Amino acid sequence: MDLDRWLGEATRAVQEWSAGFGPYQPHAALDVSDETFAPVFAEFTDRLRDNYPFFHPRYAGQMLKPPHPAAVVGYLTAMLINPNNHALDGGPATARMEREAVARLAEMFGFDTHLGHLTTSGTIANLEALFVARESHPGQGVAYSAEAHYTHGRMCGVLDMDGHPVATDDTGRMDLLALEEVLRTGRVGTVVLTTGTTGLGAIDPVHQALPLCRRYGARVHVDAAYGGFFTLLAGADGPEGLAPEPWRAVAECDSVVIDPHKHGLQPYGCGAVLFRDPEVGRFYLHDSPYTYFTSTELHLGEISLECSRAGASAAALWLTFQLLPPTPQGLGRVLAAGRRAALRWSELIDSCDLLTLYQQPELDIVSYFPAVEPATLSAIDHASAGILDDGMTARDPLFLSTLRASADAFARRHPKVDGDADGARVLRSVLMKPESEHHVERVHDTVEALVRHRAGRAGRNRG
Ligand SMILES: *Cc1c(COP(=O)(O)O)cnc(C)c1O
């Protein structure tokens, strides 16, 4: 896709539509000449240079990458009109696009029925799911794994609900015995399961937790903000295929959150929450004198805690889904490439003496640490942080990220490491760009070189 061409087409299409309403006089108060704009824009673009190259395979750090050009064109075109998806009258076209895009997400998860909408983020989407959880199970708390996103604990505070962190096993998944212990107290009305933790990409065993939760009458919410689109790899042939059971069980859960702005190729400002039972719409009831109705249809503002929302987000997602639908042959190919990259890299790490895998990647997140002598948590922490810094400042830079592992979590994975501190940072690379598949050898070689260089320097300092 030629972005220049389609950005031009975007402005032309909107101008053509605007012209249909007849001429009008733009107000002088808004006048900015090209001559005035030029130097300001130059300063602006110069300031934007202070960024990491999220688009480039040499950026193998956090969950960041630019949106697909189709999403950019979709967003920009709709933004020129600036519909507000709060209400149907705020933008009928993008409200319909939102419904269609959300229906595709529901279909992807196998929901037979659904009520759902886009949100500005996974945080707000999860807040809505917990809000509905509170309304449907008043007076009861929420259980989530100790490795769940921190938003759950925080939002329990916002909603004035008790939060119950549940211990994880030695691969970062919720421990079901620990879950049952919490359920047995009778104080938990809702269990949050995470399919793809933000730190390591661990997948809670939804298929085993769900019947347990049902036995105790608990509601089940799935936080698939990061991992949701990996359901497209469930049971796939090839090395990238994932065990299908947890993903298939999502279809029976009560709600699910997914972030199209993470793995759905969208710009920030695009999360989604879906409820299996459309009846939960009743919890959102409000009576606003400001909103305007020309339709008896339920409008999106009636099933959302947020009011104004960018119609452009829905437009971008809808347009992207026409080209790269949430199917194994569409978006699935993008996720498969990142997953293969993670598997390939973990093999390289496994067969190299300079690095150790922190744990096997379940999705596309690789965690590892430099070999140090003697192997202590404090030395690993120091070396990991050093590699992160060295990588960023190298002549041929490499951008990684770190993850803090507790001493307990570390000991369960690497019992021989001396636990001389309460935890250690390890290196973490989210390989969410499909291009990583073709660059992972180079990335690995660069990390190796950084480790070797550091070890050499340390040796000279000692000598
Ligand atoms: C990213 C993430 C969130 C928070 O979503 P935002 O879009 O960053 O607000 C919640 N849960 C999980 C599992 C995530 O990965």
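**Exercise 1. Find which residues Gln-359 is in contact with, leaving aside its neighbours within four places in sequence, and work out whether Gln-359 is buried or exposed.**

Solution. Leaving aside neighbours within four places in sequence, Gln-359 is in contact with Asp-170, Thr-171, Gly-172, Leu-200, Ser-367 and Arg-413; contact means heavy atoms within 4.5 Å.

A word on the model before we go on. This is a predicted model, in which local features need pLDDT of at least 70 and side-chain atom pairs count only at pLDDT 80 or more, while totals for chains, interfaces and linings use all residues. Residues are numbered from 1 along each chain as its sequence is written, and side-chain values use heavy atoms, with hydrogens and water left out.

Step 1: Gln-359 belongs to strand S8 (residues 355–359); helices (H or I, at least four residues) and strands (E, at least two) are DSSP runs, numbered from the N terminus.

Step 2: check burial. Gln-359 counts as buried because its relative accessibility is 9%; buried means under 20% relative accessible area, exposed over 50%, and partly exposed in between (1.4 Å probe, protein chains only).

Step 3: look for polar partners. The side chain of Gln-359 makes a polar contact with the side chain of Arg-413 at 2.8 Å. A polar atom of the Gln-359 side chain also lies 3.2 Å from the backbone oxygen of Thr-171. A polar contact is a pair of N or O atoms within 3.5 Å; within protein, one must be able to donate a hydrogen and the other to accept it, and residues adjacent in sequence count only if both atoms are side-chain atoms.

**Exercise 2. Work out the strand order of the open sheet of 7 strands, then follow S2 within it.**

Solution. Step 1: the order is S1-S7-S6-S5-S4-S2-S3, with mixed pairing. Two strands pair if DSSP finds at least two bridges between them.

Step 1: find the edges. Strand S1 (115–119) and strand S3 (163–166) are the edge strands, each pairing on one side only. From one strand to the next, the twist averages 20°.

Step 2: follow S2. S2 runs parallel to S4, joined by 4 bridges, and Tyr-144 has Val-192 in S4 as its bridge partner. S2 also runs parallel to S3, again through 4 bridges, and here Ser-145 has Val-166 as its partner.

Step 3: compare with an antiparallel pair. Strand S6 (residues 255–258) and strand S7 (residues 271–275) pair in the antiparallel sense over 4 bridges, and Leu-274 in S7 is the bridge partner of Val-256.

Step 4: Axes are lines fitted to C-alpha atoms, for helices over the stretch in contact, and angles run from 0 to 180 degrees between N-to-C directions.

**Exercise 3. Which residues of S2 point one way, and which the other way?**

Step 1: apply it. Gly-141, Ala-143 and Ser-145 point one way from S2, and Val-142 and Tyr-144 the other way.

Step 2: check cover. S2 is mostly covered, with 5 of its 5 residues buried.

**Exercise 4. Which residues have the most contacts inside the largest nonpolar core, and which domains supply residues to this core?**

Solution. Step 1: the core has 56 residues, and Leu-179, Val-191 and Phe-229 have the most contacts inside it. A nonpolar core is a set of buried Ala, Val, Leu, Ile, Met, Phe, Trp, Tyr and Cys residues joined through side-chain atoms within 4.5 Å.

Step 1: name the contributors. Helix H4 (residues 92–109) gives the most to this core, with 6 residues. At least three residues come from each of domain 1 (74–323) and domain 2 (331–462); these domain bounds come from an automatic or database domain assignment.

Step 2: zoom in. Not counting residues up to four places away in sequence, Leu-179 touches residues including Ala-143, Val-166 and Val-191.
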